[in-house]
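The following paragraphs lead the reader through one protein model, from single residues to the whole chain. Please keep the sequence and the structure in view while reading.

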Amino acid sequence: MTQKFPFNHFLKLDGLSESAASKPVNHMAHPVIIEKTMKAIEACAIAKPAPEFSSEELKTTTEALLEQIKNLINANKFHAYFANTFTVAAINQETVEFVVTTNFIKNMIEIHYTETIKKALFEILGKSFRIELQVIGSSLSQSSNTESILKKETRKVETPKQATFFIEELQPTKEDLIKTVDSRVLEHMAASPNVQVDITKTFDNFIIGPSNNMACAASLAVAREPGKNFPALYIYGNSGLGKTHLIHAIANHIQATKPHLRICITSANRFMSEMVDSMQINKLFDFKRKYTEQTDVLIIDDIHELKNRAGTQNAFFDVFNELMSRDKQLVFTSDKQPKEIEGIEDRIKSRLSSALPVEVQQPDLETRIAILKKKAVERDIYLSPDVVNLIAKCVKSNIRELEGCLVKLGLVTSLLKVDIDLEVAKEHLKLNEELENQKNITIDSIAKTVAGYYKIPIGDLRGKAKTKEVTLPRQVSMYLVNKLIKPTLKENGQYFSGRDHSTVLHAINTIKDRIKTESLLAQQVLDIEKSL
């Protein structure tokens, strides 16, 4: 598969100059790319006033900007979208113009990294700029960048030596594009979490539901008063449910409200690697000093990775005790409770067990729908309600897989140039709503499940009794019937001894409100729903 390649900007028949060939290659901004990009810019600027910045100044600005961006985003994403592909083309009073190598990279940067670039520009140039992106070989006017890089045509290319030849540009097949989509999704799903604070993860964009409301409330309490409310917080749950989002939200909130506090956010594996490196150069004292005297808030992701690491556990034990004695804040995440982690010493389990444990569970259907809608807006992807419902009903395991579906649909739209409807979503995400609906959930099956869960007779649940032991299960039943089957209020109440619609509505609203604040009830309702 090939694309329209700008030979007139990158092909130089008489070779590079001797001085250029002797220069070292910069791993972020390749000198050949920058040199040729500058020539392309100069060639397109005949009708424009002379540029205020020289090619050398633009090259230096590019390198400084890439260094800033590299510190702000994931390393894999940096190398995919910026290294050797991204160059400053022009700078004026209000705008900085950039060129990139493909339309795909242009689209990805515009959708996901505009604010990152603006922040990096402010750091190196000291003021805010608008940004414009073009693809190499197109006009430097952004409005003219409408030609598809995938169009099949024959172009006449003239080299500096007047040699003329013809190149037929091949259009990628649908299979080629689908393979590209799949590889990009795999790259997204396999990307290592960034140990630096991710400024995009905040409490404002964290979707709260019955599965995570207590974890979110505890995290927010820690962020507001570090070291006071809960000096040690332990967030646990399966992978991809939002634990990492919460710890970055804690860090961002503290940075915004208490910038004098020193935050150290890391992972158990990185903690271990730092300790080993410090031992090899005889600087173990400096390592412990960093994590005790120079840290006010210590956040360690995936603390269960300390298992079977005796030396690292010793260092962690000392750090934990020292920070607790100084009234500092500690936050940990794990995929299991402390007592369930094998391969760690009892004294470490004891320390971790002293932290406040909060669980993040698998999100329910309503929460999954809310998450999809929120993240689709963030990624500028339009999904119709039926597509959102399809994904939410079929993808139940974790939030990361929901994001993976959005990434794939975004790439399908960008590369295959198709709108996302129900059939397109089913085809590319391999989802089948009919299989998910094979379970025949009825009012009767819900009521029997609830009665069995609370260990009360089904007759009492459906009857007239108003005791406390029966009222709550009956309200839970009405709530779940409304949520999972959506009959009329009259049909719902008819099953429970002919209760009127106002009684049913009161029961539904009561449970809906209580599960937002009562973690035990929220867990009970979630357990019942899972068993149906």
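**A guided reading of the model**

Asp-302 belongs to the loop between E8 and H13; helices (H or I, at least four residues) and strands (E, at least two) are DSSP runs, numbered from the N terminus. The phi of Asp-302 is near 55 degrees, a positive value in a residue other than glycine.

The model is a predicted one, in which local features need pLDDT of at least 70 and side-chain atom pairs count only at pLDDT 80 or more, while totals for chains, interfaces and linings use all residues. Residues are numbered from 1 along each chain as its sequence is written, and side-chain values use heavy atoms, with hydrogens and water left out.

The protein as a whole has 25 helices and 10 strands. Of its 532 residues, 44% are buried. Its accessible surface comes to about 27,500 Å², of which 51% belongs to carbon and sulfur atoms; such areas come from the Shrake-Rupley method with a 1.4 Å probe, and for residues only the protein chains shown count as cover. Contact means heavy atoms within 4.5 Å. Among contacts between residues at least 6 apart in sequence, 72% join residues at least 24 apart.

The sheet comes next. An open sheet is formed by 5 strands in the order E7-E8-E9-E6-E10, with parallel pairing; two strands pair if DSSP finds at least two bridges between them. Strand E7 (263-267) and strand E10 (356-359) stand at the edges, each with a single partner strand, so one side of each has no neighbour in the sheet. From one strand to the next, the twist averages 15 degrees. Axes are lines fitted to C-alpha atoms, for helices over the stretch in contact, and angles run from 0 to 180 degrees between N-to-C directions.

Strand E6 (residues 232-236) runs parallel to E10 and is joined to it by 4 bridges. Here Leu-233 stands opposite Leu-356 in E10. Helix H13 (residues 310-325) packs on the sheet and touches E6, strand E8 (297-301) and strand E9 (329-334). The direction of H13 makes about 140 degrees with that of E9.

The aromatic side chains follow. Rings of Phe, Tyr and Trp (its six-membered ring) pair if their centres lie within 6.5 Å; planes under 30 degrees apart count as stacked, over 60 as edge-to-face and the rest as tilted. By this rule the count comes to 15 aromatic pairs. The ring centres of Phe-78 and Phe-82 are 6.2 Å apart and their planes stand at 15 degrees, so this pair is stacked. Phe-82 and Phe-86 form an edge-to-face pair, with 5.0 Å from centre to centre and 70 degrees between the planes. Phe-78 and Phe-82 are both buried, and Phe-86 is buried as well. One aromatic cluster is formed by Phe-78, Tyr-81, Phe-82, Phe-86, Phe-98, Phe-104 and Tyr-113.

Asn-84 is found in the loop between helix H5 (75-81) and strand E1 (86-91). Although Asn-84 is not a glycine, its phi is positive, at about 65 degrees. Its relative accessibility is 31%, so Asn-84 counts as partly exposed.

Charges also sit over rings, a term that applies if NZ of Lys or CZ of Arg is within 6 Å of the ring centre and within 35 degrees of the ring normal. Arg-347 lies over the face of Phe-317, at 4.2 Å from the ring centre. Arg-462 lies over the face of Tyr-495, at 3.7 Å from the ring centre.

How values were computed. Buried means under 20% relative accessible area, exposed over 50%, partly exposed in between (1.4 Å probe, protein chains only).
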